[in-house]
Amino acid sequence: MKKFIPPARAQEIRYVIREIVLEAEKYEQKTGNKTIRLNIGDPCKYDFSPPRHIIDAYIEALESGKHYYGDSRGEKELREAIVEYEKRKNEVDIDISDVLVTQGAAEAVNTILAVAFENGDELLIPSPTYPPYLTAARFFGVKPLEYRCIEEEGWVPDIDHIRKLVSPKTKAILIINPNNPTGAVYSAKRVKEIIDLAGEYGLYVISDEIYDLMVYDGSGKAPNTASLANDVPVITIYSLSKVYLATGWRIGYMYRHDPQDLLEDLWNAFTRFLMIRLSTNTPAQYAAIAALRGPQTHIRGIIDKLRKRRDLVYRRINEIYGLSAEKPEGTFYIFPRINLGINDNDFCKKLLWSTGVVVPPGYGFGSFGKQHFRIVFLPPEDILNDALDRIEKFVRQLQ
Ligand SMILES: Cc1ncc(COP(=O)(O)O)c(C=O)c1O
């Protein structure tokens, strides 16, 4: 018998954030040393945990027998809680029929990419970007067009570049605000410019806002695209993973702001698509109700802790000759530039093998990510300082 080979489209799936882990495992096996992993954006791996009252709600859901398959669209009570939450937080007016609950934001992303595009249709995506928007898009036959985010201006989207890329095959513009991997938070003005451009070309906007309350200054919140959009249709993607520190519960959702019902057919197709995966985790949905309806006081605690870590990493990276980084205004990522005559992939591999520090290379975040790497600054200060000491020493040796 012959070996069974996956089709080309499956062979091309790459995810550098997790692939670097394989290299890290090799390093640990070969050297017997432990790595310092600054590659995965999971607060629950460090000193963060979901608020107590939502853990209690999860336990209560289990104890009261919520073990069954839920509604494919999400439990009705959760969708009602989402409608109230979005009204309270973002002043958007939606109905429960505009909401679909998913297995994390990741499933919302996959659903949109799998269902909303003809083969070869184009989606404008920010670059640097969250990698699945590139790789999952290609897998589903969507052509990702990377629009530049301007590093020197704090990584904000270049509106002129977006305009240059639009073609008759373009269907939608994606915004990630606050942005992974750059930590940029776009102003309401910049978001409005993107919405207006979408309106001009008859496109809809997909707005990934899963870090919306992880913002260090100003109102502590990134602008919500849907509430700025008037007639332009917007699909918002949200998740309990980051703001509610529940990455492993796999609860996210998407909703449509669609005053002219232009997305109705897509929405029905998303709903049917979600039926074939049956439903998402039922008890976790009841915990999500408690998260959205209950006290929100934990967010202040997250921000206070993370601001110190952000300031530390930002200061120390910029003190290292040959590295430079824009200050992240949100999220827990920083995206330093490497000015050392070595490419990002070699830098990250050599860094790992000489110091045990694990960071993914910027090329995995898109063309405009090249010559950078991403640091997750979730760990406590002593771990960050240890990692930065090692990075500093490694860079000195490179020169
Ligand atoms: C921008 C962005 N969108 C979506 C996701 C997926 O998140 P989840 O599926 O845990 O909700 C992530 C995860 O890091 C992300 O950074």
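Is W155 buried or exposed? In this predicted model, W155 is buried, since its relative accessible area is 3%, where buried stands for under 20% relative accessible area, exposed for over 50% and partly exposed for what lies in between, computed with a 1.4 Å probe and the protein chains only.

Residues are numbered from 1 along each chain as its sequence is written. The model is predicted, so that local features need pLDDT of at least 70 and side-chain atom pairs count only at pLDDT 80 or more, while totals for chains, interfaces and linings use all residues, and side-chain values use heavy atoms, with hydrogens and water left out.

**The ligand and its surroundings**

The ligand is surrounded by 14 residues, the closest being A105, D208, Y211, S239 and S241, and a residue is counted as near when one of its heavy atoms lies within 4 Å. By residue type, this shell divides into seven nonpolar, four polar and three charged residues; here Ala, Val, Leu, Ile, Met, Phe, Trp, Tyr, Cys and Pro count as nonpolar, Asp, Glu, Lys and Arg as charged, and the others, Gly among them, as polar. Helix 5, residues 104-115, gives the most to the shell, with three residues; helices (H or I, at least four residues) and strands (E, at least two) are DSSP runs numbered from the N terminus.

| Residue | Protein atom | Distance to an oxygen atom of the ligand |
|---|---|---|
| A106 | backbone N or O atom | 2.9 Å |
| S241 | polar side-chain atom | 2.7 Å |
| K242 | side-chain N or O atom | 2.9 Å |

Taken alone, the ligand exposes 400 Å², of which the protein buries 93%, with accessible areas taken from the Shrake-Rupley method with a 1.4 Å probe and, for residues, only the protein chains shown counting as cover. The space that the ligand takes is the largest pocket.

**Backbone features in the loops**

W155, the buried residue of the opening question, lies in the loop between strand 4 (143-150) and strand 5 (156-157), and its phi is near 65°, a positive value in a residue other than glycine. Phi of D261 is likewise positive, near 55°; D261 is placed in the loop between strand 9 (252-257) and helix 9 and counts as partly exposed, because its relative accessibility is 42%.

The loop between strand 6 (170-176) and helix 8 (188-201) holds P178, which is joined to N177 by a cis peptide bond with omega about -5°. P181 also lies in the loop between strand 6 and helix 8, and the peptide bond from N180 to P181 is cis, with omega near 20°.

D386 lies in helix 13, residues 381-398, and is partly exposed, because its relative accessibility is 31%. From C-alpha to C-alpha, D386 and I36 are 8.7 Å apart in space, although 350 residues separate them in sequence. R277 is found in the loop between helix 9 (264-275) and helix 10 (282-293) and is buried, because its relative accessible area is 17%. Between R277 and S72 there are 205 residues of sequence separation and 7.8 Å in space, C-alpha to C-alpha.

Conventions. A polar contact is a pair of N or O atoms within 3.5 Å; within protein, one must be able to donate a hydrogen and the other to accept it, and residues adjacent in sequence count only if both atoms are side-chain atoms. On a 1 Å grid over the protein atoms alone, a cavity is a set of points where a 1.4 Å probe fits but cannot get out, and a pocket is an open set with protein on both sides within 12 Å along at least five of seven lines; lining residues have an atom within 4 Å of a point. A molecule sits in a cavity or pocket if more than half of its atoms lie within 2 Å of its grid points.
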